[in-house]
Amino acid sequence: MTNTDETERQRLARIRPGLEKRANIYRIVRSFFCDRGFLEVETPVRAPTIAPELHIEPFESEGYFLSTSPELYMKRLLSAEYEKLFQISHCFRKDEKGKQHNPEFIMLEWYRTGGDYMQMIDDTEQLVVHIADTLHLGMHIPYQGHMIDITPPWLRVTVKDAFMKHTGWDPVTAGDLSNFDIDLVTKIMPAFPMNRPIILMDYPASMASLSRINSSNPQVAERAEVFIGGMELANAFSELTDPDQQRKRFQSEIEQISKERSRTHIMPEKFLDSLMYLQPCGGIALGIDRLIMLFNDTNIIDDVVAFPEA
Amino acid sequence: MATDIEDIRKNSKLLINAIPYNVDDAEFMKPGKGRAIYRLKLRNLQDGSAFERTFHSGEKVDEVSVTSQEMQYLYKQDDHYIFMNTETFEQTFLDEALIGNKKGFLKDGTIVNVLLMGEKTLDITLPNFVELKVIESAVSNKTDTVTSQAKMVVLETGVSIGVPTFIKEGDILKIDTRSGSYVERITAKK
């Protein structure tokens, strides 16, 4: 992945511009949200319970877990009427090491009471435009030999349309979704344009995770993902506020984890208790390392992390 | 040995349908909330051909230990070509069928690279150049002299190759084993 003949000192000298841009982007992100009335918060990196997710494996820490995402804590704050929140936090996911993955990475999450998934996408467009503007790039980001035109609104495509076009099957009506992920990364993502960001939206209801089901089309969840320059950048939800429905989904996920991963997962009770107070809101999680990769014209995460895992 | 796909790295060796492959590259891809996908670039260790294959997390593959060892070719016995590790003097063999066309450039005493999977010999790599003696030379056909490799000779290994007309029986020739072609004459017949 990196040049193995390089010493640590040489490597750190080479990636310095990337780390300087990281610091600069943090400043821009913080001022973007502060100027719009969002409160920056910090929540535990080491937590007694985390959201059960079959495909996200946590690191255990003396009976606790290292945070895989700050989502549950963010919603507990929202439930206590903190209306607009953001956080830049360290997250940890076991075995996720690759060109665009590091087991420890930085997540930018923000939430809006009264918002929905598409409003979070609008925010993302504004945020990326604001960063590009502050870095004097205007509406075009040079990336991997392409000029990405970030003029809003970005392209939007439903999961149904994207899959029908490039794979010939519709995950929204299909019973078996076992090929969803492989088709997404090997057929759908490579077909996305490199010169425009694109939003993949309206995921199958069974992939809702912590998002709410669309009231006019119960086959889909109000969930959207942002793709830029071949990278999955962010995942947005209209947040599910129904504690009973959320408990059922968690229960089914916990059963799957126990069956497939032989791991006992604890139900996040405090989070579920808080949900009864949660007002309709939108939330989004953005991998800020990838945002920094984008503005640093690299598709290798190790180029923007001082000490990536080997 | 069944290994989790998660533990496969670049240069791991896999056995798929009884054919050994080298992992030339292993790419980890994962949708944020989805299953991990591993895209492997595989190289067939027997014929060098390459292909890509995608695996889901949770899949298992057969990992094998493949090593390369310098050995000396000793002799042929029935259908077996016998090689010896020059340090340990241990011997191993490779079937004539697996040696294929390489047998035409394999002379007793030649040092080759032997690819081993455990105790089993998979393949050999010849030195790029070998020196072989001409044992039979046809009379040159005068009309062929316009081309540089105008006549066929038989080498001591039994293989026939095209050479210039001045080559005679007893000459030692330098042969490129990759193309199987004549390079130059090392010594003239005394």
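Where in chain A is A:Pro153 found? In this predicted model, A:Pro153 sits in the loop that runs between strand 8 (146–149) and strand 9 (155–158) of chain A. As background, most peptide bonds are trans, and most residues other than glycine have a negative phi. Two residues can be read against the second part of that background. A:Asp95 is not a glycine, yet has a positive phi of about 65°; its place is the loop between strand 5 (84–92) and strand 6 (104–113) of chain A. In chain B, B:Phe89 has a phi near 65°, again a positive value in a residue other than glycine. B:Phe89 belongs to the loop between strand 8 (80–85) and strand 9 (91–95) of chain B.

Helix packing in chain A comes next. Two packed helices are described by the angle between their axes and the distance between the axes. On the side of helix 2 of chain A, the contact involves A:Ile25, A:Ile28, A:Val29, A:Ser31, A:Phe32 and A:Phe33. Their partners in helix 4 of chain A are A:Asp123, A:Gln126, A:Leu127, A:His130, A:Ile131 and A:Thr134. Sorted by class, this contact of helix 2 with helix 4 of chain A has seven nonpolar, four polar and one charged residues.

Helix 2 of chain A also meets helix 9 (residues 288–295) of chain A; here the axes come within 10 Å and cross at roughly 115°. This crossing, too, is right-handed. Helix 2 of chain A contributes A:Gly18, A:Lys21, A:Arg22, A:Ile25, A:Tyr26 and A:Val29, while helix 9 of chain A contributes A:Ile288, A:Asp289, A:Leu291, A:Ile292 and A:Phe295. The contact of helix 2 with helix 9 of chain A has seven nonpolar, one polar and three charged residues.

A further pair is formed by helix 5 (residues 159–166) and helix 6 (residues 180–191) of chain A, whose axes come within 10 Å and cross at roughly 80°. That angle is why helix 5 of chain A counts as roughly perpendicular to helix 6 of chain A. In this pair, A:Val159, A:Ala162, A:Phe163 and A:His166 of helix 5 meet A:Phe180, A:Asp183, A:Leu184, A:Lys187, A:Ile188 and A:Ala191 of helix 6 of chain A. The residues of this contact divide into seven nonpolar, one polar and two charged.

Charged pairs form another part of the picture. Side chains of opposite charge can pair when their charged atoms come close. Over all chains, a search of the whole structure finds 33 salt bridges. One of them joins A:Arg14 to A:Asp303, with the closest N and O atoms 3.3 Å apart. This pair links distant parts of the chain, 289 residues apart: A:Arg14 is in helix 1 (residues 8–14) of chain A, and A:Asp303 is in the segment after helix 9 of chain A.

Finally, the two chains meet each other. At their interface, 13 residues of chain B are in contact with 22 residues of chain A. The size of an interface is often given as the accessible area lost when the parts come together. Chain B and chain A bury about 1,600 Å² between them, with 59% of it on carbon and sulfur atoms. In chain B, the residues that lose the most area to chain A are B:Phe28, B:Lys30 and B:Lys33, together 44% of what that side buries. Two salt bridges are found across the interface of chain B and chain A. B:Lys33 forms a salt bridge with A:Glu53, where the closest N and O atoms are 2.8 Å apart.

Note on methods:
Residues numbered from 1 in each chain as written. Chains lettered and ligands numbered in written order. Predicted model: local features only at pLDDT ≥ 70, side-chain atom pairs only at ≥ 80, totals over all residues. Heavy atoms only, no water. Contact = heavy atoms within 4.5 Å. Helix = DSSP H or I, 4+ residues; strand = E, 2+ residues; numbered from the N terminus. Nonpolar A, V, L, I, M, F, W, Y, C, P; charged D, E, K, R; others polar. Buried area = accessible area lost by both parts, 1.4 Å probe. Salt bridge = Lys/Arg side-chain N within 4 Å of Asp/Glu carboxyl O. Axes fitted to C-alpha atoms, helices over the stretch in contact; angles between N-to-C directions. Left-handed = near helix turned anticlockwise from the far one by under 90°. Parallel < 35°, antiparallel > 145°, perpendicular 65-115°, else oblique.
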